[in-house]
Amino acid sequence: MIQIMKNKTFILIIFLCFLPLFCKGQFCKLYSTHGDISSSMISHIYQDAKGYIWVATENGLNKYDGAKFTNYKNQFNDSTSLLGNHVYRTFQDAKGHLYILSTKGLQMYEYKSDSFKTIKKSNSSYNNKSIAQLSDGSILIGTSGYGIKKLTFDHKGNIQIENWNPSLIGHTINDIMEDRKGNIWICTEYHGMIRIDKNKKIHHYTLGKLYGNQFINCCTEDSNGNIYAGTSGRGVFIYNQADNTFHQIFHSNFPIKVLKQNENLMLIGIDGEGIVAYDISKKSIANTDFYTDNINIKKSKVHSLLTDSSNNLWIGIYQKGVAFIPSQANMFNYIGNFSSIRNYIGSNCITALCETTDKGKLIVGTDNDGIYLLDKNYNFIQHLTQDKNPDVPPTVMCLFEDSNKKVWIGSYLSGISVFDSQTNKLSKTSLRNNEGNEITKVYRFVEDPHKRLWIGTMGTGLYYVDLPASSASYSDLKVHQALSEKEINQWINTLLYIPNGRLYIGTYDGIKCIDTEKLKVVGKEKVLIGLSINTIAQGPDDHIWAGTPEGIYVMDYNLNIIEKFTTHNGLPNNLISSIIVDKNKDIWVSTSQGIAKYNSHNKSFIPFFASDGLYNNEFSRNAYCISPDGKILFGGTNGIVFFNPNDIETQKFQSNIRITGFYLHDKAVNEMTQSGSYHVIDNDIFHTQEINLSHYDNSFYIEFATDNFISPQNYLYSMNNGTWNSLPKGSSRVSFSNLPVGKYEFKVKAINGTSESKIKTIVINIHPAWYNSGLAWVIYILIIISIIAIFIHQAKEKYRVRQEMLKHKHLEEINESKLQFFINISHEIRTPMSLIISPLQKLISTDNDSERQKSYSLIERNAQRILNLINQLMDIRKIDKNQMKLSFTEVDLISFINDIKNTFAYQAAAKGAKLNIEVI
């Protein structure tokens, strides 16, 4: 028992000796079972190569993509669901296979189908508890009571599990690790620490005393090659290679569940004592401050620690949830009830701050919790309440140190008190106006060079008192009413005195300026009427800066408005709480949603939020002060933020945007999801560049987040290079409905004040239906062209036929004309021939001369022949109309020939020719 007490005393001394004066606080966000993870019984936290955060619990597995948690549990009769809900841990090998170890066995996660493949179920000879991959690629699985198993893949890709080292059968393996020298370290229950060297030789180590349990829970190697081991009830040990033994560096009666290096610190997660940090270089216990909401992390059960790819810290707190602590570059510090170190100013709102000039005490005024006194290092001194001193006001509205080093305290209902920082004594000073009424609701003090203390009240106007030459006596101070109700509004929020003798008064109805020598209003009389002036400051350029609920107004000496600043100029919020000028002449502003620094080069503000290290985002009106060494302090609803302006760096937006989800019919797609005949994505959603959808899947929503898991101030998106649209704060999802068929380019970016992230772009193709596709339209066009061609061809054919018919008709008309002409000529010839034949027949019948009869006969035959030919010519129409019929007559051929001969006999005789016919 004495030895244990000595160890505890020694550790406590080390802890206090290395406690830094100003530790860098770390903001913490807690993910719990309220809409996030499936269970608060955290077993393990892991980040895979794709960037997902996996949280293993005793009731399900959870995957975080930066925007949401996806919960996995066992589903009855579904072989692709989680095998068992009690998950020990997750692990990814060098080939990208993600293993899930649960009480029911070993599984592998399939990214493409978002499902699980069972490798081996737990049975009487197998279970799994821990897993590691060696440098040669082999995977070792630690079991509970069955030693270590080895997992291998055969040439076909099938998984084989076999015993790895038979000598370890019967051991319960809590952790396995291979160091940089090739030694394999095995943490066991009951059998201590085991090392297997490169020559396969086994070494056993006892940590601490020989007797008692040897529960070794975890081990790790730091960047210097040191080996650490965490135990149950014995603390943390480090391996000394020189003497081949382990030496204790930290003692705890609680189980050490996890060891994780974070920069130069080895973080020790303890089941019941939170996190302790071991400084690797100094070889001593260091201190770190975690700002956690509603959790005392020093008494928490820390079961897992993870430093992700962005250097953020994830803490698995058993029975609470997962705490997320972002990596920070800015040195914002914090005092308040969410700090694990400086939690000594209560949980009420901070309403006023004042740091004294003599001993550097910080006086903290609160809303209904009295006054807290802190020393120059902001360590607790005293809490002043009405229970101990009736003169202490429960609600403090303002604090002010006068030229006599006395601190004036203005309260809401308790009047005015004075605090002596030398003696820590506080006494009430009853100041009464001309009507004999005590002055209450005091909101602001300010002193001029003539040792006049000006008092601004809420409802009774402006007063001043003449301070004594020394701090000896503050009794019987005479109160003077400065101006009447007609001259200034009586509801005063703030006061500002500038060296030229002017006093600026911020009221609930604008701002006024008075000459303190003449006690009269000067400058522009009606300025910002209707606006509440929360705070006033004089800028480096001597302009007057007024903070209102609608932003900041900058005015000249006579209150002429020069310019106005709002959130469009980078302010975190338009509700201004305080404006302060630091020793570098830079202007700082606190608002109801963060603080900002003025950039005079481009006349804009650089905002700072919780993601920049501010735990308290909502600040109180005029609750600020500047310490003698230049630190700025702002008070608000959750405590005090303080910082050295020189330590605050303007950070560029360091995270990228990634798509974390694409949803059809409220269901997230994966690589196996199809829309019609199209695969929606062909890669993991984080890395997909193109999305393909069928025409009927034209309603969807897209989810996105930053790849470093830190929420930005705002997201903006654009479609097809259109206008950038801003999403509400905290929203990271955009929905689209009934988009027409086409190709869309979706762009999204994040902003923090004036800094922006890189633009993330994805292409969304909404394909038409088969009957509306490009090929279909080509076919439609070809068909239409064919129809048109056929129509044109038929029209041309009809035209050709018609032309031929017209031509034929024309030819017929010509023929008819010819026939008619021949018929008419025939008629004209026939008549004379008839007239010739008739007289000839008379001559034949009357003239008996034989010679002349021969001539008459010849003439008659030829005339008849001509007449017959004319008759035949007249019958040509009958031939044309197929009405002509042939007539056959038997003739005497010799007589017919003789007639022909006789016809030519006269011409022959005239020419001296002789015609003879011989009949043979």
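Buried means under 20% relative accessible area, exposed over 50%, and partly exposed in between. The close-ups below come from a predicted model.

**View 1. Salt bridge between arginine 733 and glutamate 703.** The closest N and O atoms of the pair are 2.9 Å apart. Arginine 733 lies in strand β67 (residues 733–736) and glutamate 703 in strand β64, so the contact ties together parts that are 30 residues apart in sequence. Arginine 733 counts as partly exposed because its relative accessibility is 39%, whereas glutamate 703 is buried at 3%. Both belong to a network of salt bridges that links Asp65, Lys68, Glu703 and Arg733.

**View 2. Salt bridge between glutamate 745 and lysine 747.** The N to O distance is 3.8 Å. Glutamate 745 is partly exposed, with a relative accessible area of 27%; lysine 747 is buried at 18%.

View 3. Glutamate 797 has a relative accessible area of 31% and is partly exposed, as is arginine 800 at 37%.

**View 4. Nonpolar surface patch including Ile783.** Members of the patch, among them Leu775, Trp777 and Ile787, have about 880 Å² of accessible area together. Isoleucine 783 is found in helix α2 (residues 774–846) and is partly exposed, at 44% relative accessibility.

**View 5. Packing of helices α2 and α3.** The axes of α2 and α3 (residues 850–874) are 9 Å apart, at an angle of about 155 degrees. With that angle over 145 degrees, α2 is roughly antiparallel to α3. Their crossing is left-handed.

Technical notes
Residues numbered from 1 in each chain as written. Predicted model: local features only at pLDDT ≥ 70, side-chain atom pairs only at ≥ 80, totals over all residues. Heavy atoms only, no water. Patch = residues over 30% accessible without salt bridge, like charges linked within 9 Å, V, L, I, M, F, W, Y side chains within 5 Å. Areas by Shrake-Rupley, 256 points an atom, 1.4 Å probe, with all protein chains shown as cover. Salt bridge = Lys/Arg side-chain N within 4 Å of Asp/Glu carboxyl O. Helix = DSSP H or I, 4+ residues; strand = E, 2+ residues; numbered from the N terminus. Buried < 20%, exposed > 50% of the residue type's maximum accessible area, 1.4 Å probe, protein only. Axes fitted to C-alpha atoms, helices over the stretch in contact; angles between N-to-C directions. Parallel < 35°, antiparallel > 145°, perpendicular 65-115°, else oblique. Left-handed = near helix turned anticlockwise from the far one by under 90°.
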